[in-house]
Amino acid sequence: MNHIFVDTSALIAIGNKRDAFHSQACAINDELSRSNVTFITTSAILLEFGNAFSSIHFKPFAIKLIDAITRSKKWKSIVVDQNLMSRSFALFSQMSDKEWGLVDCSSMVVAQDMGIRDAVSYTHL
């Protein structure tokens with residue numbers, strides 16, 4: 001099965017019409033939704049997205065999207081358990097010369113574990 005990792009910045013771009021990458025993110029989302037791909041994310045990313053969209057204006061969209069992700073057969077959200085947290089923190093500690101956040105490191109560990117090479121992210125464009 002074909003997997004693609006989706007990070008917080010992609011979810012934010014889809015939900016915020018004023019985001020510089022909104023149109024691009026929506027187009028990619030539409031295209032991938034019609035394909036035979038499974039979207040992979042983590043509970044940490046959903047938490048980050050929920051925090052970013054906690055304002056009254058954005059919260060209804062966040063609730064709708066998070067609910068859709070957790071119910072969809074095309075999405076899989078990996079729970080950040082103690083094992084994943086420990087491995088993520090080890091990577092975070094080892095990469096002190098990089099500006100990677102702990103959530104980024106957990107995403108990298110999940111992607112590596114699942115052999116995922118493709119991601120939807122707008123953090124470094």
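## One cavity inside

Search the whole structure and you'll find one cavity of 30 Å³ or more. Keep in mind that this is a predicted model. The largest cavity has a volume of about 40 Å³. How do you spot empty space like this? Rolling a probe the size of a water molecule over the atoms shows where empty space is left.

Which residues line the largest cavity? They are V6, A10, I14, N29, L32, F39, W75 and V120. Helices α1 (8-15) and α2 are the elements that give two or more residues to this lining. Sorted by class, the lining has seven nonpolar residues, one polar and no charged.

## The sheet

Now for the strands. Strands of a sheet pair through backbone hydrogen bonds, either parallel or antiparallel. Here, four strands make an open sheet with parallel pairing, in the order β3-β2-β1-β4. At the edges sit β3 (75-78) and β4 (119-120), each pairing on one side only.

Take a look at β2 (residues 37-42): four bridges join this strand to β3, and the two run parallel. For T41, the bridge partner in β3 is S77. Helix α2 (residues 22-33) lies across β1 (2-6), β2 and β4, and runs at about 125 degrees to β2.

## Two helices that cross

Two packed helices are described by the angle between their axes and the distance between the axes. For α3 (residues 43-52) and α6 (residues 102-114), the axes come within 9 Å and cross at roughly 145 degrees. Their crossing is left-handed.

Where do α3 and α6 meet? On the α3 side it's A44, I45 and E48, and on the α6 side V103, S106 and S107. By class, this contact has three nonpolar, two polar and one charged residues.

Methods. Residues numbered from 1 in each chain as written. Predicted model: local features only at pLDDT ≥ 70, side-chain atom pairs only at ≥ 80, totals over all residues. Heavy atoms only, no water. Axes fitted to C-alpha atoms, helices over the stretch in contact; angles between N-to-C directions. Left-handed = near helix turned anticlockwise from the far one by under 90°. Contact = heavy atoms within 4.5 Å. Nonpolar A, V, L, I, M, F, W, Y, C, P; charged D, E, K, R; others polar. Pairing = 2+ DSSP bridges. 1 Å grid on protein atoms, 1.4 Å probe; cavity = no way out; pocket = protein on both sides within 12 Å on 5 of 7 lines; lining within 4 Å. Points joined across faces, edges and corners; volume = space filled by probe spheres on them.
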